[in-house]
Amino acid sequence: MAMLASIWIVLLSVTIQGGDGQSVQMDPIKSGFVGSQVELRCIFQNSNPPVKISQVTWQKFVNGTKQNVAIANPSLGVSVLPPFKERVTFKQAAVRHRTPSLEDTTIMFSNLKLSDEAAYICEYTTFPAGNRENMVNLTVFAKPVTHMTLTTPTIVARPQKRKMTVATCQSANGKPPSVIQWETTLKGESTFQETRNVNGTVTVRSNYVVVPGRETHKQKLTCVVTYRGDRIKNSVVLNVQYEPEVTIEGFDDNWYLNRKDVSLTCNADANPPVTVYQWKLLNGSLPSTVEIRNNSLIFKGPVTYELAGTYVCDATNSIGTRTGLVEVNVTEKPMARGPPGGVLGVLGGVVAAGLLIAVAITVFMVYRRQQKTRTETDNDLTDLPPAHKPAPPPPKKKSGDLKGHLTSDDIQVVRLDKDEEMQKLPLQPPYYDMAPSESIPFTDKPGLRRPHLRAVWWCHSM
């Protein structure tokens, strides 16, 4: 039965034309939202010569059955049947006043309901051509009602750190159904649920689950509902109540004898705020010179060894009590304070790394230059003829040698009497210095200098 109805709808959706040129023109698809108005067009194309229009009938086609909506008759006028009587009218005023001009029988459908979704047939009865008809499919959308709520106005964070639903986003009675997404920096998870209603709409519901705590307080949570391309946003700010988070400030690891104006302060991050602060000293009572001012301990007079010990601060709000403590040590003399070690350590590391890189590059460049110079020199000397090759250098002297490379064998001691004159000593055999001369260039090959011999005579005397 359903298959026959589908075939019937397809057949009716095709514009029917008579053999003599009559046709009914309609839009194949129309849509509107619940409560809105929609226009269903129906135009009759007459032939030449024209045929006579006897009657026009609008029908609703649902599940293979037809239901009359409105009728226009040139003689009897217009008739709209229940339940459409208050919501369907013919657009052309002439049609409503018993006129034979029925070529345009477009109807206006107002205050749409979900039950109005169906196929609508516009049928012309003519003489002598017979019936001509066409069909339009009307879709009715339902815009959902979207809202977002907190599970509870005040969320309490428990020490057990259990997950709980903190917010709910709902898009109710939508057709087609909406899509819900969450935008937040919170580390949580979401759940989704769809419910199909009897009237054909769908309600989508999503919960956001987190472990409430101090870090979730005042966090923004946004629900984004997407419906047929439109984005609807709703946001809430979480109000999470939690126990105090306690820290004690004031002790700088440099309390020494006779230091003045020292104090300890108990700071507590809490929601709601802390109402009671309590101070105590482990294994003893508070010093007699201390004064309690709200959440601070003010130590009067100079520092003494009596101030040393473990100080405890209890902070209490309506959710619970948390404790903070600090170990106070008293030294005889002030401790030396240098620049921040962390900063110097980082700077020292950067400088050391830079120096190591620079040294490595320098060594590498010097090595490459020496290798290059040595290679070029060896190549040049290899090309020289035997007569022009320099003699091998003399053996190296010890590091303790005198200037001029003197040794103990080169020195002769001569004893002279007071009356004797200084006698000239014979010159020793000449010493040939094989070092290359800087003043005589080597002109045979560019870039090299000709080695030469220098004769050096040593005169020994006392």
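**Notes on the predicted model**

1. Ile357, Ile361, Phe364 and Met365 make up a nonpolar surface patch of about 410 Å². One of them, Ile361, sits in helix α2, which covers residues 341-383. Keep in mind that this is a predicted model.

2. On to the disulfides: the structure has three. If you number the bonded cysteines in sequence order, they pair up 1-2, 3-4, 5-6.

3. Cys42 is bonded to Cys122, with an S to S distance of 2.0 Å. The S-S torsion here is about -85°, so this disulfide is left-handed. The bond links distant parts of the chain, 80 residues apart: Cys42 is in the loop between β3 (38-40) and β4 (43-45), while Cys122 is in strand β10. Cys42 and Cys122 are buried.

4. For Cys169 and Cys223, the S to S distance is 1.7 Å. The link is left-handed, at -60° about the S-S bond. Cys169 and Cys223 are buried.

5. Cys266 and Cys313 are joined at 2.0 Å, S to S, in a left-handed link with -90° about the bond. Cys266 is in strand β22 and Cys313 in strand β26, so the pair ties together parts 47 residues apart in sequence. Cys266 and Cys313 are buried too.

6. Is His217 buried or exposed? His217 belongs to the loop between β17 (202-210) and β18 (220-227), yet its relative accessible area is 15%, so it counts as buried, the cut-off being under 20%. Beyond its neighbours within four places in sequence, His217 contacts Leu238, Asn239, Val240, Tyr242 and Asn271. A polar atom of the His217 side chain lies 3.1 Å from the backbone nitrogen of Val240.

Key: Residues numbered from 1 in each chain as written. Predicted model: local features only at pLDDT ≥ 70, side-chain atom pairs only at ≥ 80, totals over all residues. Heavy atoms only, no water. Patch = residues over 30% accessible without salt bridge, like charges linked within 9 Å, V, L, I, M, F, W, Y side chains within 5 Å. Areas by Shrake-Rupley, 256 points an atom, 1.4 Å probe, with all protein chains shown as cover. Salt bridge = Lys/Arg side-chain N within 4 Å of Asp/Glu carboxyl O. Helix = DSSP H or I, 4+ residues; strand = E, 2+ residues; numbered from the N terminus. Buried < 20%, exposed > 50% of the residue type's maximum accessible area, 1.4 Å probe, protein only. Polar contact = N/O pair within 3.5 Å; in protein donor to acceptor, adjacent residues only side chain to side chain. Contact = heavy atoms within 4.5 Å. Disulfide = S-S within 2.5 Å.
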